[in-house]
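Dear colleague,

I am handing over the structure we spoke about, and below it you will find my notes on what turned up in it. Please read them with the model open beside you.

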Amino acid sequence: MRIAFVPIDNRPVCYTLAKCIANIDESLEFHIPERSLLGDLTKQADVEGLFNWLTELPQLDAIVLSLDTLAYGGLIPSRRCSDSFEQIKDRIFKLKMILEQKQCKVFAFSSIMRISNNNINQEEKEYWSDWGEKIFKYSYNSHKLGNVEDCDVPQDILADYLATRRRNFEINKLYLNWQKEGLFEVLVFSKDDCAEFGLNVFEAQQLEALGGVTKTGADEIPLSLLARAIPKSLKICPVFLEPDSVHLISNYEDVSIENSVKGQIQLAGCEISAYDNADILLYVNNFRKHQGEIVMKVDTEMFCKEFVVPNRPYMIADVRFANGSDNSFITEFFKNKIEENNFYGYSAWNTSANSLGSLICAAKIKYFTQKYSKENFDKLQITRFLDDWAYQANVRQELDRPDLDDLKIKMQKFESVVENFLGTKVNVNYLYPWNRLFEVEIEFN
């Protein structure tokens with residue numbers, strides 16, 4: 001099968017993770033652009049270069065497409081760039097022509113512009129450092145209450161923010177029209193960093209009323225669509241380790257963890273199954289009362305049971321904490337012996353949706369692989385344990401700035417544990433691709 005994949009940007013979870021997952025099946029002909037063509041924290045993607053890359057690709061079976069990359073230059077530029085609606089419209093009409101010429105199935109997603117609930121402007125416009133929390137409050141209340149009489153945000157800043165939202169929303173409505181014309185096999189609008197109320201949630205409701213499909217999440221959705229492009233159905237049974245708490249909502253999401261799991265399974269083109277009929281079990285280490293977050297020093301009740309892996313195919317989504325593993329669960333899980341034929345992966349990165357979507361994608365590709373690469377599956381698991389557990393849940397808490405020498409020293413004891421557990425050599429280096437502590441890149445020697 002021949003698949004082209006256009007990521008959101010050049011972060012490891014968007015770029016190298018996709019390559020590693022696709023490489024689990026060496027029979028897949030996986031086309032991904034050079035990393036230099038993609039955007040980062042401060043640079044927009046080379047859109048013309050990506051158009052040329054797409055045009056020159058051979059005959060394909062499917063294209064998995066992050067529309068924000070080609071409309072705005074990336075997910076972050078979609079919130080920052082000052083291009084007019086007409087400029088963006090001209091750009092995406094060029095994309096439409098290229099896709100029509102390719103004559104293959106297109107699995108696409110576009111983001112509904114997020115509203116972060118803090119005054120951090122690293123991924124937002126400059127004024128977010130002063131007015132972010134108040135813009136979030138305005139958004140939340142205007143959706144929940146219908147109108148907001150008292151707004152502390154300066155009029156010019158609020159007007160700019162609302163104009164950017166309006167522009168992106170109108171672009172999304174164009175995509176929806178193209179879907180009705182038959183351009184897209186699947187089109188998803190992502191709800192990134194959601195709360196229960198907000199202008200982003202309101203826009204999602206409007207798109208749904210027009211026939212659009214929305215999903216909570218963002219970075220994992222291209223991987224979910226990659227799984228969807230594999231034309232086979234995997235029967236998955238979710239097994240919640242806290243079954244009485246499935247109604248609770250994860251951080252940065254607006255649906256229950258149960259519905260988040262079901263939504264990710266369905267988006268990947270898989271089937272929710274009963275335990276006895278399932279091809280694979282999806283263990284979900286969910287939370288009680290509320291989801292924790294180690295980085296933000298939000299604690300929660302940790303896992304305190306026995307966990308014995310089944311003698312049948314399984315995978316694990318560790319979502320008791322956002323942005324990293326549950327150390328108590330890992331301690332229990334590492335008591336087990338891994339059987340290669342039954343273990344289909346572990347994930348605990350960032351939001352619940354992020355972990356679930358990427359995990360299910362890798363499991364589906366491994367399950368239906370025609371030319372299995374144990375080496376690439378092992379690399380994926382090494383990456384998840386070193387990133388999600390060793391770094392995010394432990395080492396990151398000891399750092400106050402990106403320091404690769406210090407990081408390498410602190411990670412060594414965790415490398416030995418992962419090496420013993422997986423039964424494979426760990427020989428890696430580390431990078432800070434965006435020169436910040438939020439993400440680390442595992443580089444294999």
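Two strands are taken to pair if DSSP finds at least two bridges between them. With that in mind, β4 and β5 run parallel and are joined by six bridges, and within this pairing F107 stands opposite V186 of β5. Please bear in mind throughout that this is a predicted model.

On its other pairing, β5 is joined to β6 by four bridges, again in the parallel sense, with F189 standing opposite T214 in β6. Six of the six residues of β5 are buried, so this strand is largely enclosed by the rest of the structure. The side chains of β5 are divided between two directions, V186, V188 and S190 pointing one way while L187, F189 and K191 point the other way, and all of them are buried.

These strands belong to an open sheet of six, with parallel pairing, which is ordered β2-β1-β3-β4-β5-β6. At the edges stand β2 (29–31) and β6 (213–216), each of which has a single partner strand, so one side of each is left without a neighbour in the sheet. From one strand to the next the twist averages 20 degrees. Elsewhere in the sheet, strand β1 (residues 2–6) pairs in the parallel sense with strand β3 (residues 62–66) over four bridges, and there A4 stands opposite I63 of β3. Helix α7 (residues 155–181) packs on the sheet, where it touches β4 (105–112) and β5 (186–191), and the direction of α7 makes about 160 degrees with that of β5.

The side chain of E441 is joined to that of R35 by a polar contact of 3.0 Å, and, when neighbours within four places in sequence are left aside, the residues in contact with E441 are P12, T16, R35, N429, Y430, L431 and P433.

The other is P310, found in the loop between β9 (280–285) and β10 (314–318). Because buried means under 20% relative accessible area, P310 counts as buried at 15% relative accessibility. Not counting residues up to four places away in sequence, P310 touches L281, Y283 and N342. From A71, P310 is 239 residues away in sequence and 45 Å away in space, taken C-alpha to C-alpha.

With best wishes

Key:
Residues numbered from 1 in each chain as written. Predicted model: local features only at pLDDT ≥ 70, side-chain atom pairs only at ≥ 80, totals over all residues. Heavy atoms only, no water. Axes fitted to C-alpha atoms, helices over the stretch in contact; angles between N-to-C directions. Contact = heavy atoms within 4.5 Å. Buried < 20%, exposed > 50% of the residue type's maximum accessible area, 1.4 Å probe, protein only. Polar contact = N/O pair within 3.5 Å; in protein donor to acceptor, adjacent residues only side chain to side chain.
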